[in-house]
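User: Could you take a close look at a single part of this model for me? I would like one connected walk through it, please.

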Amino acid sequence: MKDFLIKSIKEFVLTDEFNKHEFSDICFEEPLVKIASAENPLFEKYKNIIGKEHLTPKEAYEKEFGENSFNKGSVISISLPISEEIIKSNRKEKAIPSLKWTLMRSYGAPYKVASYLIDLLNKKGFKGISPGNTKWFTTYQNTDLYSNWSERHIAYVAGLGTFSLNQGFITEKGIANRLISVITDLELESDERTSKNHLSNCLYFVDGKCQSCVKRCPINAISPENGIDKLKCHEQGYGEDAMNLAISRGGIGESGSGCGLCQTGVPCERINPLLRLKSKV
Ligand code: B12
């Protein structure tokens with residue numbers, strides 16, 4: 001069943017109309033898919049690491065399907081690498097995102113993949129829910145910005161990669177990706193997490209030399225001392241100017257323009273840079 005689901009997800013992304021656009025042949029390349037057991041103890045620890053509002057898979061599933069509806073199951077985490085065409089366009093930019101990057105933010109629709117997977121699970125007699133795509137998904141903005149279901153933290157449990165200096169998530173296919181996930185009552189074999197810690201794919205944490213994302217940020221929101229200034233970054237990608245930019249480009253205002261300059265034109269853009277480093281040794 002695991003192989004069937006992974007093959008079907010890949011085929012959907014590579015062939016379905018949702019991924020074909022006038023502004024770019026495709027938005028997403030072949031996805032990476034990994035599985036975590038819903039009982040993995042890290043999910044509980046995220047209440048301390050992220051915030052008490054962050055849900056465990058059981059809590060999220062039961063929020064949707066009712067009390068005591070969940071016994072055992074899995075979390076399927078999917079990374080959708082952004083297409084080379086869109087990355088290339090953004091690589092050239094220095095102040096604002098490229099037109100293609102902005103339109104990808106508006107029309108890329110990564111959660112269409114989650115809806116497809118849920119339909120597939122339903123056809124096989126199982127249930128599925130994608131917390132990031134529900135009415136109750138929330139992002140809290142107090143002294144920090146965090147949500148009740150953080151896709152990067154889920155992807156980390158499943159073994160898809162690690163965080164970076166700019167707090168983006170680096171998979172084997174790089175940092176320029178979108179992440180989604182689905183919780184299901186289907187028990188699947190979990191994948192092994194091989195990274196040493198939650199920062200080990202980032203070149204900066206090897207020897208402190210790489211600070212490419214710091215230099216790429218057009219508003220100086222990233223520093224080695226503090227990582228990313230989330231509120232500054234939010235203003236750049238989703239503030240009033242960013243909304244107006246999206247509208248003037250034929251995009252959706254509330255999607256913002258995005259930015260992604262720190263995800264393109266950097267050594268981790270389309271690859272886990274540690275793999276390149278190891279191949280030189
Ligand atoms: C809020 C939000 C933002 C905020 C805050 C980002 C942040 N750092 O959390 C702002 C506005 C800054 C932002 C910006 C962008 N975002 Co955003 N955002 C989100 C959102 C909605 C929630 C994120 C969240 O809950 N964060 C939780 C907090 C706690 O995370 P954190 O502070 O970074 O976590 C740190 C600690 O947990 C710490 N830590 C300490 N101890 C330990 C121990 C362990 C074991 C672990 C695991 C971690 C850990 O490590 C982390 C990193 O330092 C998600 C969607 C989702 N549902 O997940 C998208 C999401 C994270 N964004 C995404 C994207 C693409 C972007 C932009 C590129 C915008 C764009 N589209 O052009 C920029 C890139 C900024 C960047 N450098 O990462 C992608 C991530 C892609 C990727 N490869 O990283 C997501 C997943 C959306 C998606 N569905 O694809 N975003």
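Analyst: Happy to. Let's begin at G250, which follows helix α11 and has a positive phi, near 85°. Please keep in mind that this is a predicted model.

Stepping back into the helix, α11 covers residues 240-248, and its buried residues are A242, L245 and A246. These three span an arc of only 100° around the axis, which puts them on the same side of α11. The other side of α11 carries the exposed residues E240, D241, I247 and S248. What do the buried residues pack against? Their partners are α5 (99-107) and α10 (230-238).

Moving on from α11, we come to the loop between α11 and α12 (273-280), where E269 lies. The side chain of E269 forms a salt bridge with R91, with the closest N and O atoms 2.8 Å apart. Because R91 sits in helix α4 (residues 84-91), the pair ties together parts that are 178 residues apart in sequence. The two partners are worth looking at one by one: E269 has a relative accessible area of 8%, so this residue is buried, whereas R91, at 33%, is partly exposed.

While you have the charged side chains on display, have a look at R270 too, which is linked with E29 and E84 in a network of salt bridges. For the model as a whole, the count comes to 12 salt bridges.

Notes
Residues are numbered from 1 along each chain as its sequence is written. This is a predicted model: local features need pLDDT of at least 70, side-chain atom pairs count only at pLDDT 80 or more; totals for chains, interfaces and linings use all residues. Side-chain values use heavy atoms; hydrogens and water are left out. Buried means under 20% relative accessible area, exposed over 50%, partly exposed in between (1.4 Å probe, protein chains only). Helices (H or I, at least four residues) and strands (E, at least two) are DSSP runs, numbered from the N terminus. The arc is that of the directions from the helix axis to the C-beta atoms. Contact means heavy atoms within 4.5 Å. A salt bridge is a side-chain nitrogen of Lys or Arg within 4 Å of a carboxyl oxygen of Asp or Glu.
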